[in-house]
Amino acid sequence: MSTTRRSTADQATFQTSAPNTLLTLYRRTRQRTLSLVEPLSEEDCCVQSQLSCSPAKWHLGHTTWFFERFIAVDALGKSAYNDRFEFLFNSYYNALGDRQPRACRGLLTRPGLGEVLAYRHVVDDAVCEALEQDRLPQQALAALRLGLNHEQQHQELLLMDIKHLFSCSPLHVPYIDDEPAEEVSSASSAHWVEFAGGLTEVGAIAGDGFTFDNESPRHRVFREPFALQNRLITNGEYRAFVEDNGYERAELWLDAGWRARSQAEWRMPAYWCEVDGVLCEFTLYGTRPLRDAEPVLHLSYFEADAFARWSGARLPTEFELETAYPTSAGDDDANGRLLEAGRFHAAPAVERSDRSVMRQVRGDAWEWTSSSYGPYPGYRPPPGAVGEYNGKFMCNQYVLRGGSFATPTDHLRSTYRNFFEPGDRWQFSGLRLARSLNA
């Protein structure tokens, strides 16, 4: 694997047209993962920097194992590439047996990166041949679509984990050397966009393209009238919270948040640091002075909630964001940066004269909501091992909406539910403010 960092011009692999077939989508998705790993050395691909992260090599093996297990083996009857790989690359599927402990994935010096890439090649050949010959039954095609969306999730996880790994280096190693020029240098003005209350339907519409099981069933919810800020909160706005001793004021924090902040000694968002007296931020482009106009990233739920209280506002519910999403998602001006843009950091919202249009409804940063991650009314996990994909995590986590700069464009939709534990900070998470209009 080359250690050469890609320039912006080398990111053309991300500029791909919409697929016409599952075969096209499969090849494009699998190639994109390899493109994301290309800037890394073999040593980079082996290290695990914290419990919640996984080595890049493990991501490559795990996503391949998913297609091998559920397509090549279960649907096509092929033999496993290596019988031991199921133990090494199974993530959390208890129905499929024991596995390498999550905390010990970084101890897997073998198989080497070359063998993992060879494994990907063999499995890809089998899947592509079956697609070309139209030999996959409907159940296998459903598993394939799930596997493609699963790999897209791991593309974002891969970048999250690489960033955390490189942040641990005293060399402040960049993932990419050449950062594209900033499109705008000042924050756009913040305005409130009002939405009527009432009864509305939320959740995925059956038969309307791929969705994860946690997006269903579609059901009705009642919303009181509310307002959302038209863009994400910026570094500059969050800096004001830090400078106003927001991390020292217990009255702003949930009790569990105050404990987490005290135990971890949080004083600012993850990846913020002082260098020679200058407030800086570590990014995938390396460490650079904090840019006030950019969206704040790497907040826990607790930090986002404390900031909202300090602002005299609150976090939105997931259904407030979902029902606001369709009014703006088709407007290019409303979208933030997504993975295809080839910009590996969140960018400032562009100023527009129309104050009623929501900005950054997709991309730049995932938005924390006040909604606990739980099942919708009538939810039932799918049968078999794939039923473990989402349902068993519906406890002690919160929902995020909207996507980030590392999320593939065709991975998102208005009903998409991301979720993390409230103390997690290594993901590309920010916030948007909300307020009630009937208070």
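Helices (DSSP runs of H or I, at least four residues) and strands (runs of E, at least two) are numbered here from the N terminus. The model is predicted, so local features need pLDDT of at least 70 and side-chain atom pairs count only at pLDDT 80 or more, whereas totals for chains, interfaces and linings use all residues. Residues are numbered from 1 along each chain as its sequence is written, and side-chain values use heavy atoms, with hydrogens and water left out.

A place to begin is proline 174, which lies in the loop between helix 5 and strand 1 (192-195). With a relative accessibility of 18%, proline 174 counts as buried, a term that means under 20% relative accessible area, while exposed means over 50% and partly exposed in between (1.4 Å probe, protein chains only). Although 108 residues separate proline 174 from phenylalanine 282 in sequence, their C-alpha atoms are 8.8 Å apart in space.

Helix 4 spans residues 113-132, and its 20 residues reach 28 Å from the first C-alpha to the last, close to the 28 Å expected at 1.5 Å a residue, where the expected span is 1.5 Å times one less than the number of residues. Its buried residues include Leu113, Val116, Tyr119 and Arg120, and the buried residues of this helix pack against helix 1 (22-37), helix 2 (56-73), helix 3 (85-89) and helix 5 (138-167). Glutamate 115 also belongs to helix 4, but at 34% relative accessibility glutamate 115 counts as partly exposed. Leaving out residues up to four places away in sequence, glutamate 115 touches Tyr81, Asn82 and Phe85, a contact being heavy atoms within 4.5 Å. Just after helix 4, aspartate 134 takes a positive phi of about 55°.

Two packed helices are described by the angle between their axes and the distance between the axes. The axes are lines fitted to C-alpha atoms, for helices over the stretch in contact, and the angles run from 0 to 180 degrees between N-to-C directions. For helix 1 and helix 4, the axes come within 10 Å and cross at roughly 170°, so these two helices are roughly antiparallel to each other; angles over 145 degrees count that way, those under 35 as roughly parallel, 65 to 115 as roughly perpendicular and the rest as oblique. Among the residues making this contact are Leu22, Tyr26 and Arg30 of helix 1 and Leu117, Val123 and Leu131 of helix 4.

Helix 6 (residues 235-243) and helix 8 pack at an angle of about 80°, with their axes 11 Å apart, and are therefore roughly perpendicular to each other. Here Glu237, Tyr238, Ala240 and Phe241 in helix 6 meet Glu303, Ala306, Phe307 and Trp310 in helix 8.

Helix 8 also takes part in covering the buried residues of helix 7. In helix 7 (residues 255-264), Gly257, Ala260 and Arg261 are buried, and these residues fall within an arc of 95° seen down the helix axis, so they line one face of the helix; the arc is that of the directions from the axis to the C-beta atoms. On the other side of helix 7, Asp255 and Gln263 are exposed, and just after this helix glutamate 265 takes a positive phi of about 55°.

Finally, glutamate 294 is found in the loop between strand 7 (286-289) and helix 8 (301-310). At 0% relative accessibility, glutamate 294 counts as buried, and, apart from neighbours within four places in sequence, its contacts include Glu182, Thr234, Arg288, Arg343 and His345.
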